Amino acid sequence: MPHSQTSAPRDSLVGVRLARGASPWLLPTVATAALSLVRARRSRRAAAIAVPTTALAAGMLWFFRDPEREIAPGRVISPADGVVQSIMPWKDGRTRVAIFMSPLNVHVNRAPLAGTVTSVEHIPGGFVPAFNKESENNERVVWHFDTELGDIEMVQIAGAVARRIVPYIPQGTKVEQGDRIGLIRFGSRVDIYLPEGVDVAVEVGQTTTAGVTRIDRD
């Protein structure tokens, strides 16, 4: 299936907001790094500690970045930054597109279509790596949107490190295509189910960008 590769934008921390829901992880890390830098002037031991703590804080800032995006045209756009892990026909005629998100990706997810959130359901489960088949039983949040294409299901799946999914909006919220709807902390996966009759425009192994990469084909 021919397709055009979509390159992920080169995000920068300059002028970039940080993701909602990052505070429980980010604030203690940054505070520890700042304290170790202050103490580094007084002792070699503190200086040695300052190096890894500062590196960790910088990594956290990069991980929790939430850059602005110019939302691309298209009926269904990618809800996540990552790589298409699988494309699978479902028993009910829908097609599931699974997008794997590594720790290097932006982890704020976006609405694939405009519509109304009809349900947001948290399902407890395990925390195996999101690229593993057993991740089907991981902790997840299942979203349903009432859209011009009918009901659209999207699933945020926690990974081995991502032990918390943070929905931003509740049931009943009206969203525009590309609106931020939630965060998954660290490596994880997002699945979107295309309705029967809607063709897929991406391939396994293709890079996707939330709010930019079109998932369906005319």
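Two strands pair if DSSP finds at least two bridges between them. Keep that in mind as you work through this predicted model.

**Exercise 1.** Find out in which sense E9 and strand E11 pair, and over how many bridges.

*Solution.* Start with E11, which covers residues 180-184. Between E9 and E11 there are three bridges, and the sense is antiparallel. For one facing couple, look at Val 166: Leu 183 in E11 stands opposite.

**Exercise 2.** Work out which strands stand at the edges of the open sheet, and why one side of each is left without a neighbour.

*Solution.* First write down the order of the three strands, E5-E11-E9, with antiparallel pairing.

**Exercise 3.** Search the whole structure for aromatic pairs and describe what you find.

*Solution.* The search gives two pairs. Take Trp 90 and Tyr 193: their ring centres are 5.4 Å apart and their planes stand at 75°, so this pair is edge-to-face. Trp 90 sits in the loop between E3 (82-89) and E4 (95-101), while Tyr 193 belongs to E12 (residues 188-194), so the pair links distant parts of the chain, 103 residues apart. Now turn to accessibility: Trp 90, at 30%, counts as partly exposed, whereas Tyr 193, at 8%, counts as buried.

Then there's Trp 143 with Phe 145, a stacked pair with 6.0 Å centre to centre and 5° between the planes. Both Trp 143 and Phe 145 are buried.

Notes: Residues are numbered from 1 along each chain as its sequence is written. This is a predicted model: local features need pLDDT of at least 70, side-chain atom pairs count only at pLDDT 80 or more; totals for chains, interfaces and linings use all residues. Side-chain values use heavy atoms; hydrogens and water are left out. Helices (H or I, at least four residues) and strands (E, at least two) are DSSP runs, numbered from the N terminus. Rings of Phe, Tyr and Trp (its six-membered ring) pair if their centres lie within 6.5 Å; planes under 30 degrees apart count as stacked, over 60 as edge-to-face and the rest as tilted. Buried means under 20% relative accessible area, exposed over 50%, partly exposed in between (1.4 Å probe, protein chains only).
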